[in-house]
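Here is a short briefing for a first look at a structure. Keep the sequence and the 3D view open while reading.

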Amino acid sequence: MSKPFDRRKFLKVSGMSLGVGALISVAPAMAGGGPSATLRRWFRRQNGEELTPFNLVQLSDAHVGFQGPPNPTGTKAFERAIDVVNGLDPQPDLILFTGDLTHEAEAPGEHAKRMQLFQTLTSRLKSKKVMYVPGEHDAALDNGVLYRQFFGETHYAFDHRGVHFIALDNVSSGKPAVGTEQIEWLKRDLARYPRTAPIIVFTHRPLFDLRPDWEWFTRDGDDVLNALAPYENVTILYGHIHRHDVHQTEHAMHYASRSLIFAFPDPMTAGDKKPVPFDKEKPFRNLGLQSLAEKKGRLDVDDVELTLREFGGTDGVQQILKSGESL
Amino acid sequence: MKRIFFTLLSVVILGTAQETQPRVVTISAKRFEFTPSQITLKRGEPVTLRVSAEDRDHGFYQKDLKLELDLSPDHVAEATITPEKTGRFVAICDHFCGSGHGNMKMIINVE
Ligand SMILES: [Cu+2]
């Protein structure tokens, strides 16, 4: 049934420099005839929308409600990111938020307040098409009940400018897993698309084993990647690891966006999973977002680190602390 | 007659099991720690890890040792493994259990 993977096409992708995503094997041919013209017609027929240039932004891991030494400035980096996105020209036509929108709370009602605050902050975004997936801090303690009240379903799919987007939930069961039911749903969803369709999956945890002893993996990530394997143009965006990362598996490119609260160290060299200490001189150091654009037939993924020059130094940090307490 | 047959059968099964029964190590999990926090196993020696959860669901995961258990207070989960290489392995709780979840782990030494 499923066609064996075409290694020749894969090699074409792997020959590109890192940072170039997998939309590329379709897009260059878009101008010409052949299969791409068929695909373009197919998308127009199915969705009333053909493959057209797009730009989007990925935000991740704001942890609204988090308080602690790794970042005493609360939501300031998140708010800064919103300003950065609002300053983009052209505006992104889509914003993807890859989980841990909020930090969990034990007190009843407090988690809902944090979700409310998250929504108040994101309502400042000029670009109104914002799509979400949950992180474990949003949805793992109550299996996504509260999250659904605020943000809707935890997994879904949609088409945008000729790209098929798939939101996957690998947190709400409590375990780092997608689960059989969702994988069956994914297979049914994918079956409607031609092998050449450009696909962007967004999820919270890495779908490959990045650092299992730091819980940087998904138990059934291989099942997801196998379901996606027949498709030739797959990009996966995720968060959870609080740092930028680019990784290639046989069938897909994986990009992690920085966090908006604190960073984790390099998993290849660090022993323990401990947040990178807060730097008063550069309060938003290592924090940021990803900006993605289709440029000349390629998917460019830009890792953007936030800067906050106007708030640098001890005095600057005092300015952004609401309470003005010393660090 | 039937009953006698089953009794005989269970004696046989128990008897066989006892001869080859691996050493049992019990571990308990609660927010946000495993007790004991460290165990030592022998390379090449089969061992059964019997892991219970005291307060809520937890996970017990160690990739290299092929440990992947779902823990819940209403049953004791167990896995029998034969460690093939020596080293220090970090087993984690991989079922999100609250604020200290990210540091819920224990060490499995294999000598
Ligand atoms: Cu736990």
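The points below go from whole chains to single residues.

This is a predicted model. Chain A has 327 residues, and chain B has 111. Chain A holds nine helices and 11 strands, whereas chain B holds one helix and nine strands.

**The two chains**

- In chain A, 57% of the residues count as buried.
- In chain B, 39% of the residues count as buried.
- Take the contacts in chain A between residues at least 6 apart in sequence: 72% of them join residues at least 24 apart.
- For chain B, the figure on that basis is 62%.

**Nonpolar cores**

- In soluble globular proteins, nonpolar side chains tend to be buried together.
- The largest nonpolar core here has 28 residues.
- Within that core, A:L59, A:F78, A:F97, A:F118, A:Y132 and A:L306 touch the most other members.
- Six elements of chain A each supply at least two residues of this core: β1 (55-59), α3 (76-86), β2 (94-98), α4 (110-122), β3 (130-133) and α6 (145-151).
- Helix α3(A) gives the most to this core, with five residues.
- Another core, of 26 residues, lies apart from it; B:L49, B:L65, B:A77 and B:I108 are among its members.
- What does A:L306 touch, not counting residues up to four places away in sequence? Its contacts are A:A77, A:R80, A:A81, A:V84, A:L260, A:F284, A:L287, A:G288 and A:L289.

**A pair of helices in chain A**

- Two packed helices are described by the angle between their axes and the distance between the axes.
- Helix α7 (residues 180-190) packs with α8(A) at an angle of about 10°. Their axes are 10 Å apart.
- Angles under 35 degrees count as roughly parallel, so α7(A) and α8(A) are roughly parallel to each other.
- From α7(A), the residues A:I183, A:L186, A:K187 and A:L190 take part. They meet A:D223, A:V224, A:A227 and A:L228 in α8(A).
- By class, this contact of α7(A) with α8(A) has six nonpolar, no polar and two charged residues.

- A:R211 sits in the loop between β6 (198-202) and α8 (221-228) of chain A.
- Is A:R211 buried or exposed? It is buried, because its relative accessible area is 14% and the cut-off for buried is under 20%.
- The side chains of A:R211 and A:D213 are joined by a polar contact of 2.7 Å.
- Beyond its neighbours within four places in sequence, A:R211 is in contact with A:W216, A:P267, A:A270 and A:G271.

**Cis peptide bonds**

- In chain A, the peptide bond from A:D89 to A:P90 is cis, with omega near 5°.
- A:P90 is placed in the loop between α3 and β2 of chain A.
- In chain B, the peptide bond from B:T35 to B:P36 is cis, with omega near -5°.
- B:P36 is in the loop between β2 (33-35) and β3 (38-41) of chain B.

**Positive phi values**

- A:D100 is a residue other than glycine with a positive phi, near 50°.
- The loop between β2 and α4 of chain A holds A:D100.
- A:D100 has 1% relative accessibility and therefore counts as buried.
- A:N286, also not a glycine, has a positive phi near 70°.
- A:N286 lies in the loop between β9 (252-256) and β10 (288-295) of chain A.
- With a relative accessible area of 24%, A:N286 is partly exposed.

**B:P46 in chain B**

- B:P46 is found in the loop between β3 and β4 (47-53) of chain B.
- The relative accessible area of B:P46 is 38%, so this residue is partly exposed.
- Leaving aside neighbours within four places in sequence, B:P46 is in contact with B:P22, B:R23, B:I81 and B:T82.
- How many residues apart in sequence are B:P46 and B:K105? They are 59 residues apart in sequence, and 22 Å apart in space, C-alpha to C-alpha.

Conventions
Residues numbered from 1 in each chain as written. Chains lettered and ligands numbered in written order. Predicted model: local features only at pLDDT ≥ 70, side-chain atom pairs only at ≥ 80, totals over all residues. Heavy atoms only, no water. Helix = DSSP H or I, 4+ residues; strand = E, 2+ residues; numbered from the N terminus. Buried < 20%, exposed > 50% of the residue type's maximum accessible area, 1.4 Å probe, protein only. Polar contact = N/O pair within 3.5 Å; in protein donor to acceptor, adjacent residues only side chain to side chain. Contact = heavy atoms within 4.5 Å. Axes fitted to C-alpha atoms, helices over the stretch in contact; angles between N-to-C directions. Parallel < 35°, antiparallel > 145°, perpendicular 65-115°, else oblique. Nonpolar A, V, L, I, M, F, W, Y, C, P; charged D, E, K, R; others polar. Core = buried A, V, L, I, M, F, W, Y, C linked by side-chain atoms within 4.5 Å.
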